[in-house]
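Reader: I would like to go through this model feature by feature. Please give the general idea each time, then the case at hand.

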Amino acid sequence: MNISDLIIPLIFAGVLIYGLCRKTDVFAEFTEGAKDGLKTVYDIFPSLFCLVISVGAFRASGGAELLTSALSPVLDAIGFPPECAELMLLRPFSGSGAIAVFERVLTSSGADSFAGRTASVILGSSETTFYTLSVYFAAVKAKKTRYALFCALIGDFVCAVVSAVTVSILL
Amino acid sequence: MMKWIMTGLILLSVMFAALTNRMDSLTTAFLEECGNAVQLAISLTGIITLWSGIMRVAQSSGLTGKLAKLAEPVLSKLFGGLERGGKAMQYITLNITANILGLGNASTPFGIAAMREIEREEHSPEPEKASHNMIVLTVLNTASLQLIPTTAAALRHAHDSADPMEILPCVWITSVCALAAALTATAICRTVSRRKRL
């Protein structure tokens, strides 16, 4: 058994026991919270829907592959593995898409190659930026998100650069 | 923001599909993704409902308040002007804890609850405009705080890596650099946007 398999059951049971000890009506509170959860999904669904179909369309259009092949000579010149370019482009948009591309890199270049390791570090140290932005701001109905996207993308860019640098130095 | 992302992606897809002669797969994608979006929403509904329930119990029994007190010295530096020990701070603490532990599906409901509490505590005169605290929380969630990259490691193992976990130090350094860069950017942007207003 893995330690990470313990986390969720332990949190659930622990929270219930703590609640009972503090004389909280755990069932009433749980169902009240669950109701809020349903409302949350209702609020974020339209945004999420738009993002999912837009990203799906972009993946089907072959745009990521086209951009990747256009970028790869440049990336090759600066020492960034071109195999990882598509992963870098897709990662902010789609979690499942990024995993599919990641597996392709591992299969074609090998998990312990420079490209495979860099891809692993990119996947392990980034999140699905656009999904997070759309869901979080949909929840508070904020239309003007100001510098949020810009700052988040700076983080993603730094992630790609530093992953290649750390892999080439440390591994 | 979303209007630009949506139109941008759709226009690019149509353009690229025309270039690569893939209009048929683009049409299929639109129809298929509608179903995928609903499926994603259904599985999200279950997960969000579960964690919202647990969160509510933890909150009303005073557990999250205790947790928030532990995290306050660090978090109060990132989030200014929020009520000490208030609900917003409690949910932010839960959100960050879930991220560090790698409970991706729990961090979303916690993060959303935190966004709403920030909105309530700040009650800004311009509700359509995201506040600095909201932006910091969102940017924090677009970076990775996860200590153990379980997905990447599991897939490396499945693809016969000699040492799936060897990437750990690189992942930590990369995550910290990316997070630091993104947070520094929010601080700089805030200063710039304040100057503009004066």
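**Reading the two chains**

Author: Chain B has eight helices and zero strands. Helices (H or I, at least four residues) and strands (E, at least two) are DSSP runs, numbered from the N terminus. This is a predicted model, in which local features need pLDDT of at least 70 and side-chain atom pairs count only at pLDDT 80 or more, while totals for chains, interfaces and linings use all residues. Residues are numbered from 1 along each chain as its sequence is written, and chains are lettered from A and ligands numbered from 1 in the order in which they are written.

Reader: Which pattern does chain B follow along the sequence, and what box do its C-alpha atoms fill?

Author: The pattern of chain B is α-α-α-α-α-α-α-α. Taken along the principal axes, the box is roughly 55 × 50 × 35 Å.

Reader: How many helices does chain A have, and how spread out is chain A?

Author: Chain A has eight helices and zero strands. For the 171 residues of chain A the rule gives 16 Å, and the radius of gyration is 21 Å, well over that, so chain A is more spread out than a compact globule. Its C-alpha atoms fill a box of roughly 65 × 40 × 30 Å along the principal axes.

Reader: What share of each chain is buried?

Author: Burial is a neighbour count: a residue is buried if 20 or more other C-beta atoms lie within 10 Å of its own, exposed if 12 or fewer, and partly exposed in between, with C-beta atoms placed from the backbone. Of the 171 residues of chain A, 53% count as buried. In chain B, buried residues make up 44% of the 198 residues.

Reader: Which helix of chain B is largely enclosed by the rest of the structure?

Author: That is helix H6 (residues 132-142) of chain B, because eleven of its eleven residues are buried. Among them are B:His132, B:Ile135, B:Leu137 and B:Asn141. The cover over the buried residues of H6(B) includes H7 and H8 of chain A, along with H3, H4, helix H5 (104-122) and helix H8 (168-197) of chain B.

Reader: How many residues of chain A are in contact with chain B?

Author: Two residues are in contact if their C-beta atoms, placed from the backbone, lie within 7 Å. By that test, 85 residues of chain A are in contact with 87 residues of chain B. H2(A) gives the largest share of the chain A side, 25 residues. By class, that side has 49 nonpolar, 25 polar and eleven charged residues. Here Ala, Val, Leu, Ile, Met, Phe, Trp, Tyr, Cys and Pro count as nonpolar, Asp, Glu, Lys and Arg as charged, and the others, Gly among them, as polar.

Reader: Where is A:Gly37 found, and which residues is A:Gly37 in contact with?

Author: A:Gly37 is found in helix H2 of chain A. With 26 other C-beta atoms within 10 Å, A:Gly37 is buried. Leaving aside its neighbours within four places in sequence, A:Gly37 is in contact with B:Ile48, B:Thr49, B:Ser52, B:Gly53 and B:Pro109.

Reader: How is a pair of packed helices described?

Author: By the angle between their axes and the distance between the axes. Axes are lines fitted to C-alpha atoms, for helices over the stretch in contact, and angles run from 0 to 180 degrees between N-to-C directions. The axes of helix H3 (residues 63-78) and helix H4 (residues 87-101) of chain B come within 8 Å and cross at roughly 85 degrees. That makes H3(B) roughly perpendicular to H4(B). Angles under 35 degrees count as roughly parallel, over 145 as roughly antiparallel, 65 to 115 as roughly perpendicular and the rest as oblique. The residues that meet include B:Leu67, B:Ala71 and B:Leu75 in H3(B), and B:Met89 and B:Ile92 in H4(B). Their contact divides into seven nonpolar, four polar and one charged.

Reader: Which residue in the loop between H1 and H2 of chain A deserves a look?

Author: A:Lys23 has its place there. A:Lys23 has a positive phi of about 60 degrees although it is not a glycine. With 8 C-beta neighbours inside 10 Å, A:Lys23 counts as exposed.

Key
The radius of gyration is taken over C-alpha atoms; the globule rule is 2.2 Å times the number of residues to the power 0.38.
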